[in-house]
Amino acid sequence: SHSVIKKICCIGAGYVASTFTSPTSPPSCPKNPDVEVTIVDLSERRIQAWQSDDLPIHEPDLLEVVQSARDAIIEGRKPNLFFSTNVDQAIKEADCIFVSVNTPTKTIGRGQGRQSEMSYVEAAIRKIAEVAEDDKIIVEKSTVPVRTAERMREILAANCRPGVSFEILSNPEFLAEGTAIKNLLTPDRIIIGSLNTAAGLSAAESLVDIYATWVPRNRIITMNLWSSELAKLAANCILAQRISSINALSAICEVTGADIAEVSYACGLDSRIGPKMLGASVGFGGSCLKKDILSLAYIAESLHLPQVADYWRSINDINEYQKDRFSRRIVECLHHSLTNKRIAILGFAFKKDTGDVRESAAISIVNDLVSEGGSIAIYDPKAPDENIWYELESTSPDIKLLHERVTIYRSAHEACVGAHAVVIVTEWDEFSNKTKAKPLPAVDATTPPRTPLATVAPQEGYIESKETKPVAGRVDWAHVATVMRKPMYIFDGRNVIDEVKLEAMGFRVEGIGKAG
Ligand code: NAD
Ligand code: UGA
């Protein structure tokens, strides 16, 4: 008895919008030939980029997916994926509107640096209220504080045209950058939250139908609206908590001779813990983990739960400590002075397979090294120069000095010429001298493994293999050794280097969570 969604509008053409582009997701799914998706944004530039071959974001397989939607006409299919700046028209025509705009941390006013900035969501909601001429399902896709739907409902009720009604659903996005297409094709789960009313449950069923065309039914979970809103924040905070836990342990490893990769491996084999998100690093980055922890902590504080707020904030504190510890280690190894020293920074993106540099650990590390007097040579395969400069300039204490000391290069080899040290900040495959890490054998808590665990040899896991052949397209470390200054330091912020091999070439490798 629930309504059938035919026209979808997605407000906000950023990373999350990529969810709406896949051939098997609503836009062009063969099982959904009648569903049309229009992705809208206020930014003309972003929309133009989505219509070109130079997409606004770098994401593996995304261009192929967008192209397959563009090929619809050629292949005699009805085109069903559109990009536009005409927000009003797309809202008017849609029966379901996804709000996928940014919700960064506030930079002004009360709650600055702590609370989520909801003005973009609110502007989108007000726009919907203003232009909608018939009933709509509105879906919160952006990550929002718990009970946001209630505030949005008030705004809609106070501003909508007479006789028009809205149902608000929560359908948080769980994609990770660098694996967006994979995540959306085979999601772990789809969460749909609604009010427990006839209208709410019916709207949820309409959305379930869309996802059910490519996601197994038992992975589509419906629940109460507030649980769904909170589950999104909770998941990101728990993921960040795992990284901070392992990073806090890495500090203990560095002074005791324990190796964090082995500690992580040992813990991850416990099926209750599991191996993912336990990789020690220079610190987590990205636009969401830190902001979502701040948001959850702020919510706790607003609810007069200061101990809860402190607990979550400590995860960000450990992350700041980890980044700072890494910078200090570099300066200490280089005899407490970087004057007249050149440091190559390999990778600026917050993780591999994305060009996104928001909150990347590279930002504070470069600023720290510049203020210690170093000259910095940056290379990243995908991060746009203008975004690197934007992040550095907006955090630098001295922009003139920044431009005197920092240069961006087009290859890792160029960046390393004359360097006293190489710092690996992003785990791009091209920097690694290990063969591709193998996934850990699955240890499923519900079905006992066929092979007893004792027969799973450690090398089957994510500890490095002993392969020695150089891999095409990767940094040639033997060549780097001929262009660097001695002693040749590598600070490996991602443990992508097999130090035994490079130390044999004369490098000194300082990894995270390994005694130097
Ligand atoms: P983004 O900054 O890449 O894109 C947001 C877009 O919304 C921008 O292009 C902006 O111009 C547009 N916009 C803002 N206000 C608008 C308005 N009123 N009308 C039309 N367009 C408007 O953001 P993102 O990374 O895609 O994240 C969006 C939301 O999804 C955030 O709440 C984020 O926390 C959440 N999220 C992000 C990811 C991720 O991997 N990036 C994953 C899961 C959830
Ligand atoms: C994260 C979540 O993983 C997604 O599920 C969520 O949808 C998304 O936030 C969001 O809400 O935006 P993302 O930030 O894109 O995704 O990437 P992650 O893979 O979570 O990595 C975050 C940071 O942690 C990166 O800097 C990464 O290098 C670092 N990391 C990750 C580690 O240091 N160790 C690990 O073991 C894993």
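These legends describe close-up views of a predicted model. Residues are numbered from 1 along each chain as its sequence is written, and chains are lettered from A and ligands numbered from 1 in the order in which they are written. Local features need pLDDT of at least 70, side-chain atom pairs count only at pLDDT 80 or more, and totals for chains, interfaces and linings use all residues; side-chain values use heavy atoms, with hydrogens and water left out.

**View 1**
The shell around ligand 1 holds 24 residues. A residue belongs to such a shell if one of its heavy atoms lies within 4 Å of the molecule. Val16, Asp41, Thr103, Glu177 and Lys291 come nearest. The shell divides into ten nonpolar, seven polar and seven charged residues. Here Ala, Val, Leu, Ile, Met, Phe, Trp, Tyr, Cys and Pro count as nonpolar, Asp, Glu, Lys and Arg as charged, and the others, Gly among them, as polar.

**View 1. Polar contacts of ligand 1.**
A polar contact is a pair of N or O atoms within 3.5 Å; within protein, one must be able to donate a hydrogen and the other to accept it, and residues adjacent in sequence count only if both atoms are side-chain atoms. Val16 uses a backbone N or O atom, 2.9 Å from an oxygen atom of ligand 1. Glu177 places a polar side-chain atom 2.9 Å from a nitrogen atom of ligand 1. For Arg358, a polar side-chain atom lies 3.4 Å from an oxygen atom of the ligand 1 molecule. On its own, ligand 1 has 830 Å² of accessible area, and the protein covers 90% of it. Accessible areas come from the Shrake-Rupley method with a 1.4 Å probe; for residues, only the protein chains shown count as cover.

**View 2. Ligand 2 and its shell.**
Ligand 2 is surrounded by 20 residues. The closest are Leu175, Ser281, Cys288, Phe350 and Arg494. Helix α8 (residues 225-256) supplies the largest share of this shell, four residues. Helices (H or I, at least four residues) and strands (E, at least two) are DSSP runs, numbered from the N terminus. By type, the shell around ligand 2 has eleven nonpolar, four polar and five charged residues.

**View 3. Backbone atoms facing ligand 2.**
A polar backbone atom of Gly279 is 2.7 Å from an oxygen atom of ligand 2. In Glu177, a backbone N or O atom lies 2.8 Å from an oxygen atom of ligand 2. In Glu173, a backbone N or O atom lies 3.5 Å from an oxygen atom of ligand 2. Taken alone, ligand 2 exposes 700 Å², and the protein buries 87% of that.

**View 4. Cys288, an annotated position.**
The unreviewed UniProt entry places the feature "active site" at Cys288. UniProt positions are given in the numbering used here, feature names are shortened, and annotations may be inferred rather than shown by experiment. Cys288 sits in the loop between α9 (260-268) and α10 (289-302). Cys288 counts as partly exposed because its relative accessible area is 30%. The cut-offs are under 20% for buried and over 50% for exposed, with partly exposed in between (1.4 Å probe, protein chains only).

Ile363 is part of helix α12 (residues 361-371). Ile363 is buried, with a relative accessible area of 8%. Contact means heavy atoms within 4.5 Å. Not counting residues up to four places away in sequence, Ile363 touches Phe348, Val357, Glu391, Leu392 and Thr395. Lys323 is 40 residues away along the chain, and the two C-alpha atoms are separated by 9.8 Å.

Ser206 belongs to helix α7 (residues 198-211). Ser206 is buried, at 1% relative accessible area. The Ser206 side chain reaches the backbone oxygen of Ser3 at 2.6 Å. Leaving out residues up to four places away in sequence, Ser206 touches His2, Ser3, Ile5 and Ile137.

Lys486 and Pro487 are joined by a cis peptide bond, with omega about -10°. Pro487 lies in the loop between α16 (477-483) and β13 (488-492). Asp61 is not a glycine, yet has a positive phi of about 70°. Asp61 is placed in the loop between α1 (44-51) and α2 (62-70), and is partly exposed at 49% relative accessible area. Arg147, also a residue other than glycine, has a positive phi near 85°. Arg147 lies in the loop between β5 (136-140) and α5 (148-159), and counts as partly exposed at 35% relative accessibility.
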